[in-house]
Amino acid sequence: MNQRYVYVLAALLTLVGMSIFMFKWQVLGFPLTRDLEKPVWTVEAAIRFDSGPGSIKVQLHVPTLTPGFRMLNENSVSRGYGFDLDYGSGGREAQWAIRRADGAQNIYYRISVYEDPGVDQSDTTPPFPPLPVINEPMKTAVDVLVDDVREHSADTASFTSELLQRMNDPSPDPNVELLLAGVENDADFVDVVTAMLASARIPARLVRGFVLAGRQRNAKLVPWLEVHDGDRWLYFNPQSGDESLPDRYLVWWRGNEDLLQVEGGSNAEVDFSIQENHVEAVAIAETNAAQQGASAVDFSLYSLPIRTQAVYAVLLMIPIGALVMVIMRNFVGIDAFGTFMPVLIALAFRETKLVWGVILFTLLVTLGLTIRFLLDRLRLLLVPRLSAVLIVVVLLMLFISLTSHRFGMETGLSVALFPMVIIAMTIERMSVVWEERGAVDALRAGFGSLVVAVAAYLFMGMQWLEHLIFTFPELLLVILATVILAGRYTGYRLTELRRFRELAID
């Protein structure tokens, strides 16, 4: 029954830990690796106009649905204007208002976005469009072309592609020439195609956006065609008919409404500029979590002061060292002094580095053990003897530091990072084992402690693992579950296989 409870508890801990981990990774976007940066594009709209004698209202279409992108933040810079974001018939609108203003006016709107391939924002399903009112002879040209394209297509996507190819034919037929007679730019071209698709009862609309690439001081809006096939919106290149979106194409607004409307002003114009920056993925994930109102960000270690973060970056690696200790003791069978002494020594190795740490640790234990044997002749009681050993360890640390500094070896100064009490207890424990079971057992346990400390140091020093545990501390629940399951292991250890090999032969 107890064994069943152990398995249930371990499974529950693993489920909770992995659930929180997957949520923070997949939904909030916390990165698995450190020093990961993502490109973030800031698009700035600069609105300029001359003020009139009365109140002023300004409306600017801003991004609403942005497939492949997620908004990081947005803000407005406008002196004295009230600012609001609202939804209109063409999507979201940034709105500014002021009672009175004098002279030339400048208003800025900024939005920062980053790529997220998982974002597939779809608009609502539109109704079938009404038949457009087209005068002759344009109506006849549209009907003939639509009927001909329908004969050479199978569905909405193929119909749109075939229509665009015919409209872009270098040697167009008379009907196409007639329809394109008044076209002056790409937006007009898409408007004509949208009207022809409406004649075929296919919902379509003009999409305008930016191709995000580096720094652009005067970015131009690129028109695109969006068509609904009954299930979802499809994007088509107006010039080639290919069903696709350009790489890093940020949809700014949809429809035929004016991008900018200014009431109470004149000579209005808007210019766009784009700036690419690189932001840490953790900062993006925190902002994303805050926007979604996720409580996980409130308990993130990144919200702590920097100094406190540095402390927990070390403390959170102690369970990793404890797991290594459990594996080395329960599964490998390496004997060591104490339970957590090797883990604490491994923490000291993080500052002294491995080679010098092993040398300094061996030197301290050897000298301390020698002094401990000399103290045996005084026949002291336990507490005074431990206190004497502790004082000797402090003096040895001081001597090693001064000597190494004298010879220009600054690494010896870090010997003070070793936990003095643990070193003193190790020396005492090793001397007792030496007296009771002999030098071989004492040296084996001392060497085992050093091996476990080195193994713990190697795992605790992994930068990617430190980032993973710091970013996803809930993974400690999985480590706890592993330790609990390891505590039920009663089989052979690796070091015991040689001792009991005769039983395996029989």
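1. A search of the whole structure, which is a predicted model, finds 11 aromatic pairs. Rings of Phe, Tyr and Trp (the last by its six-membered ring) are paired if their centres lie within 6.5 Å, and the planes count as stacked under 30 degrees apart, as edge-to-face over 60 and as tilted for the rest. As this is a predicted model, local features need pLDDT of at least 70 and side-chain atom pairs count only at pLDDT 80 or more, while totals for chains, interfaces and linings use all residues. Residues are numbered from 1 along each chain as its sequence is written, and side-chain values use heavy atoms, with hydrogens and water left out.

2. Phe 21 and Phe 472 form an edge-to-face pair, at 4.8 Å centre to centre and with 75° between the planes. Phe 21 lies in helix H1 (residues 2–27) and Phe 472 in the loop between helix H14 (463–471) and helix H15 (475–486), so the pair ties together parts that are 451 residues apart in sequence. Helices (H or I, at least four residues) and strands (E, at least two) are DSSP runs, numbered from the N terminus. Phe 21 counts as buried because its relative accessibility is 9%, and Phe 472 is buried with a relative accessible area of 0%; here buried means under 20% relative accessible area, exposed means over 50%, and partly exposed lies in between (1.4 Å probe, protein chains only). Ring pairs also link Phe 21, Trp 25, Phe 30 and Phe 472 into a cluster.

3. Ala 481 counts as buried, at 2% relative accessibility. Leaving aside neighbours within four places in sequence, Ala 481 is in contact with Ala 10, Leu 13 and Thr 14, where contact means heavy atoms within 4.5 Å. Ala 481 and Gly 17 are 464 residues apart in sequence, and their C-alpha atoms are 9.7 Å apart in space.4. Helix H3 (residues 156–167) and helix H5 pack at an angle of about 135°, with their axes 11 Å apart. The axes are lines fitted to C-alpha atoms, for helices over the stretch in contact, and the angles run from 0 to 180 degrees between N-to-C directions. H3 and H5 are therefore oblique to each other, on a scale in which angles under 35 degrees count as roughly parallel, over 145 as roughly antiparallel, 65 to 115 as roughly perpendicular and the rest as oblique. H3 passes H5 in a right-handed crossing; a crossing is left-handed if the near helix is turned anticlockwise from the far one by less than a right angle, and right-handed if clockwise. On the H3 side, Phe 159, Thr 160, Leu 163, Leu 164 and Met 167 meet Phe 189, Val 192, Val 193, Met 196 and Leu 197 of H5. The residues of this contact of H3 with H5 divide into 9 nonpolar, 1 polar and no charged, with Ala, Val, Leu, Ile, Met, Phe, Trp, Tyr, Cys and Pro counted as nonpolar, Asp, Glu, Lys and Arg as charged, and the others, Gly among them, as polar.

4. A further helix packing involves H8 (residues 318–332) and H9 (residues 341–352), whose axes are 9 Å apart at an angle of about 130°. That angle makes H8 oblique to H9, and the crossing of H8 and H9 is right-handed. The residues that meet are Ile 318, Gly 321, Ala 322 and Met 325 in H8 and Pro 342, Val 343 and Leu 347 in H9. By class, the contact of H8 with H9 has 6 nonpolar, 1 polar and no charged residues.

5. Arg 201 has a phi near 60°, which is a positive value in a residue other than glycine, and Arg 201 is placed in the loop between helix H5 (186–199) and strand E7 (204–211). With a relative accessible area of 39%, Arg 201 is partly exposed. Arg 248, too, is a residue other than glycine with a positive phi, here near 55°, and its place is in the loop between strand E10 (233–236) and strand E11 (249–254). Arg 248 counts as partly exposed, at 34% relative accessibility.

6. The last point concerns Thr 33, which is found in the loop between H1 and E1. At 42% relative accessibility, Thr 33 counts as partly exposed. Thr 33 and Ala 200 are 167 residues apart in sequence and, from C-alpha to C-alpha, 51 Å apart in space.
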